[in-house]
Amino acid sequence: MTRVVLSIGSNLGDRLAHLRSVVDGLGDAFVAASRVYETDPWGGIEQHPFLNAVLIADDPGRDCHAWLCRAHELERAAGRARAERWGPRTLDVDLVTCAEITPSGPVDVLCDDSDLRLPHPLAHLRAFVMIPWLDVDPAAEVPLPDGPRPVAELLAELEPTDRASVRLTPLTLGN
């Protein structure tokens, strides 16, 4: 069994419907969702604000690469075009972490190959990932090379302007 943390975002079209399509697409694997946040775009490209959330999902039959394939399938179903790095998109589904669930507890999967890096190499620098992640899992930790660090601690180290760019909305993903 693997458990993943997914960061989802959209800033084109019906943003909320695109986020909800991920929850629907996960089916029985869906475990929990954060509240929905509106965030300023990240990466220096002029574009509309994003809606962002973090999901947790479990699946006994998926490893981290199968989760990556599923994320890409969900993006394609939402009409995602990979035209510009950090550019506007209908849907972005990023694997933040993946853990093997064992009888002795979760074991973080570390991966650094050509198509997948886990944990996500920039997640701990992005308030739009960490704020919703804390919302859905207040005890969350990021497995960094020098050891796991609490998400709350990493978030506190970010610039106040980065944290302020992530605003809670009244929207929900219907869970």
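Modeller: The expected span of a helix is 1.5 Å times one less than its number of residues. Helices (H or I, at least four residues) and strands (E, at least two) are DSSP runs, numbered from the N terminus. The model is predicted, so local features need pLDDT of at least 70 and side-chain atom pairs pLDDT 80 or more, while totals for chains, interfaces and linings use all residues. Residues are numbered from 1 along each chain as its sequence is written, and side-chain values use heavy atoms, without hydrogens or water.

The part is helix α1, residues 15-26. Its twelve residues should span 16 Å, and because the C-alpha atoms at its ends lie 18 Å apart, the two values agree. Buried in α1 (under 20% relative accessible area; exposed is over 50%, partly exposed in between; 1.4 Å probe, protein chains only) are L16, H18, L19, V22, V23 and L26. Their cover, judged by contact (heavy atoms within 4.5 Å), includes β1, β2 (30-33), β4 (50-59), α2 and β5. After α1 comes G27, with a positive phi near 55°.

Two of those covering elements, α2 (64-77) and β5 (92-102), have a loop between them that holds R89. R89 counts as buried because its relative accessibility is 10%. Leaving out residues up to four places away in sequence, R89 touches S10, N11, L12, F50 and R80. The side chains of R89 and D92 are also joined by a polar contact of 3.1 Å; such a contact is a pair of N or O atoms within 3.5 Å, and within protein one must be able to donate a hydrogen and the other to accept it, with residues adjacent in sequence counting only if both atoms are side-chain atoms.
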